[in-house]
Amino acid sequence: MKSAPIACLVAAALVAGHLGPVTAQAARLRHLASVYFDDAGIGLKLPEGVACGGAGRLVVGDTGNGRLLRFAYQDGKLSGGTVVRIPQVLAPSVVQLNSKGDIYTLDSRQRRIVHLSPEGEFKASLAFDGVPPPGTVVPRSFAIGPGDVIHVLDAFGRRVVALDAQGKFQRALPLPDGIGFATALAVDAAGNVLLIDSIKRRLFSAAKDGSAFTPIGGDLSESLTTMPTCIAASKGVIFVVEGTGSTILGFGQDGSFLSRQLSLGWEEGELNHPSQMCINDKDEVFIADRDNSRIQVFQLIR
Amino acid sequence: MGPRLMIVGVSLMVLVGLHVAASGQQNPYRLKEPDQKKSCLACHGDFDQKLKKAFVHAPVKNGACSGCHDPHVSSHASLLSADTRQICAGCHESVVPANAKSVHKVVADGECRKCHDPHASDHKAILLSQGNTLCFSCHKELGEAVSKAKYGHSPVQQGCVTCHDPHGSDKGSDLLKTVEPAVCVGCHKPDTAAFQSRHMNYPVARASCTSCHDPHGSNQPALLLNSVHAPVGNRTCNACHEAPTSATPFATKRPGFELCRGCHSDMVNATLAKGRLHWPVVDGRGCVSCHSPHAAKHDKLLESPGAELCRGCHADTLKRIAATPVGHKPVVEGACVGCHSPHGSDGVYLVDQPSIVKLCTTCHDYEKHSAHPIEDKAVDPRNKNLRVDCLSCHNGHGTAHKWMLLNATNLELCTRCHKKFTR
């Protein structure tokens with residue numbers, strides 16, 4: 001009987017070793033729907049932002065039209081399309097939702113992050129009070145993680161600034177030495193901050209309470225052939241959105257290449273200069289398909 | 001002497017006799033001419049002249065032709081017994097330092113014969129030609145610049161090897177024998193009053209001289225690079241830097257673009273008012289991501305000319321363009337800024353016009369090439385949110401097809417949108 005536990009362990013290890021990569025590699029995107037219009041039939045124009053949350057909440061940064069759109073996507077059905085147009089937001093690009101459904105968006109014209117209620121009423125602009133020098137913060141992207149902590153990629157300060165749910169400064173993570181240019185960041189379910197260097201094609205991560213970024217794997221240039229515009233993390237897979245390449249790449253937590261999904265095109269299920277990507281708890285994937293002026297919805301099949 | 005001993009003795013004599021007889025026969029592989037040099041020159045008579053040159057490669061002088069050549073067969077040109085790199089390194093391995101930080105490309109590529117004649121030459125070190133003439137036979141652009149420069153640098157006239165090691169350097173980049181600024185302060189003593197005065201008392205002996213000066217010659221006094229930032233020309237270094245007496249004299253007074261905005265406020269403010277930024281403008285380095293803050297060889301203080309500058313970040317795009325058979329003229333010429341605004345714009349792709357059609361029609365007269373409707377009223381049949389524009393049929397960087405069309409045939413191109421005509 002002594003050999004039984006050992007055999008179980010070996011079997012478990014074999015199964016785990018087998019299922020891990022297979023599960024990740026099997027992840028693919030199946031087109032479900034596309035979003036073209038608001039509730040009045042006005043078409044989207046060069047949308048760059050999309051955020052998804054619980055209860056089917058979906059908020060689109062309709063950048064070219066200078067507005068936000070609130071939808072619900074539940075049980076495969078899209079509803080809503082309510083326009084949110086406020087003077088504090090002129091060109092919403094990146095959009096995020098916190099756990100309460102509050103909307104945050106990066107206004108790419110004014111280069112500030114605006115906080116709105118779930119219904120789209122203006123609440124505040126992030127002030128970055130207490131942030132260490134340099135006092136100027138130029139947000140390139142941002143992501144909201146567990147505990148509603150807001151992580152802002154500050155291009156000017158070459159750092160990631162973490163703010164609590166009330167917008168108070170928590171910590172600053174310097175970008176790694178020798179980095180080319182960081183385009184996007186994401187926060188995974190465990191609170192790890194992920195960062196991508198769009199020039200040198202490297203991924204980095206910083207632990208939830210860490211003080212520095214460390215590289216994930218090596219040079220991704222072989223698979224990541226054009227500049228990335230967004231990254232998203234879900235269940236152990238890091239998804240990288242290629243803008244010019246118009247594909248979605250999947251990488252393991254060790255930086256290993258897993259998959260390349262979708263391609264450049266105009267048909268539904270194809271992308272043209274995609275921007276932001278969001279994955280909800282039902283593995284539904286929303287992609288701001290910028291140059292096709294639409295949002296596309298996919299099912300992530302693992 | 002017993003009969004046995006006699007038999008052994010006779011046998012030995014027979015064996016010795018046989019050996020002597022065999023030795024007397026001709027060795028079929030023995031060279032007719034025992035002197036290898038004479039043997040080779042019997043056919044390669046033109047080498048007589050080579051051997052009269054002032055500098056003859058030692059193996060040639062010693063007649064060791066087979067030190068480099070296989071006299072019978074070879075997989076390498078000129079019957080060389082190995083590739084040039086291996087052959088030369090066999091004796092001259094030490095010309096490249098063990099921990100070289102820079103190696104001359106021809107040396108790394110084993111192209112020793114680009115500089116040296118492997119047999120003989122009238123020039124020292126069996127070089128193909130003398131001094132800078134040899135260097136400028138490849139570095140033509142530099143040679144022309146040196147010859148045309150209004151102000152020359154005497155070490156250049158003395159020879160490139162004054163500062164550079166032609167094989168490799170374990171000291172630094174650019175084959176420099178000594179790293180900058182040590183290579184400069186060897187002659188230009190920084191502790192003199194004149195030197196300090198000229199440099200506004202900034203401790204430049206710890207800085208990079210080539211960020212302002214061109215060591216090969218210039219049309220500007222003091223060998224300043226041809227395009228000089230006004231504060232450098234005016235010697236108002238403290239317009240941007242802390243005082244020379246500061247603990248950090250080279251620190252800038254403000255970070256990134258905020259420093260440049262002090263003088264270039266119109267440009268910086270106009271850029272920041274755009275909907276889309278070229279992100280290096282606002283990253284921590286700011287303007288110096290593309291512009292040299294002191295002086296540069298290129299106009300507008302650019303670090304590199306044209307597309308070479310863009311390649312630093314957009315290498316993937318330029319690689320694809322290079323592989324494109326039918327290119328767009330401005331793209332082929334490296335004029336990325338012909339269409340893209342390098343600072344920021346309101347349009348996608350940083351184009352400096354409100355729309356793609358407006359951009360293209362600044363050069364192309366659309367009315368003359370097609371009657372196909374485009375722009376606002378031309379709804380793309382594939383997607384009601386899209387309008388037909390130039391990029392619906394063309395790729396702005398180029399394609400494999402004539403006129404940079406997206407497809408090889410009109411049928412393929414038109415049926416991208418007009419699907420009902422698909423055969």
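Helices (H or I, at least four residues) and strands (E, at least two) are DSSP runs, numbered from the N terminus. The model is predicted: local features need pLDDT of at least 70, side-chain atom pairs count only at pLDDT 80 or more, and totals for chains, interfaces and linings use all residues. Residues are numbered from 1 along each chain as its sequence is written, chains are lettered from A and ligands numbered from 1 in the order in which they are written, and side-chain values use heavy atoms, with hydrogens and water left out.

Backbone geometry is taken up here. B:Tyr349 has a phi near 60 degrees, a positive value in a residue other than glycine. B:Tyr349 sits in the loop between strand E9 (344–345) and helix H17 (356–360) of chain B. In chain B, the peptide bond from B:Glu180 to B:Pro181 is cis, with omega near 5 degrees. B:Pro181 belongs to the loop between strand E4 (168–169) and helix H10 (182–185) of chain B. In chain A, a cis peptide bond joins A:Pro133 and A:Pro134, with omega about 0 degrees. The loop between strand E9 (122–125) and strand E10 (139–144) of chain A holds A:Pro134.

The interface follows. Chain B and chain A each bring 32 residues to the contact (heavy atoms within 4.5 Å). The area buried between them is about 2,600 Å²; buried area is the accessible area (1.4 Å probe) that two parts lose on being put together, summed over both. Carbon and sulfur atoms give 52% of this area. Between chain B and chain A, 17 residue pairs are in polar contact (both at pLDDT 80 or more). A polar contact is a pair of N or O atoms within 3.5 Å; within protein, one must be able to donate a hydrogen and the other to accept it, and residues adjacent in sequence count only if both atoms are side-chain atoms.

On the side of chain B that touches chain A, at least two residues each come from helix H13 (256–260), helix H14 (265–272), strand E6 (276–277) and helix H15 (306–322). H15(B) supplies the largest share, five residues. By class, this side has twelve nonpolar, eight polar and twelve charged residues. Ala, Val, Leu, Ile, Met, Phe, Trp, Tyr, Cys and Pro count as nonpolar, Asp, Glu, Lys and Arg as charged, and the others, Gly among them, as polar.

Salt bridges (a side-chain nitrogen of Lys or Arg within 4 Å of a carboxyl oxygen of Asp or Glu) number five between chain B and chain A. One salt bridge joins the side chains of B:Arg276 and A:Glu48 (2.4 Å, N to O). Over all chains the count is 24 salt bridges. Within chain A, A:Arg302 pairs with A:Asp283 (2.8 Å, N to O). A:Arg302 lies in the segment after strand E24 (294–301) of chain A and A:Asp283 in the loop between strand E22 (274–279) and strand E23 (284–289), so the pair ties together parts that are 19 residues apart in sequence.

A cavity is a set of points where a 1.4 Å probe fits but cannot get out; a pocket is an open set with protein on both sides within 12 Å along at least five of seven lines; lining residues have an atom within 4 Å of a point. Grid points are joined across faces, edges and corners, and a volume is the space filled by probe spheres set on the points. The structure holds one cavity of 30 Å³ or more.
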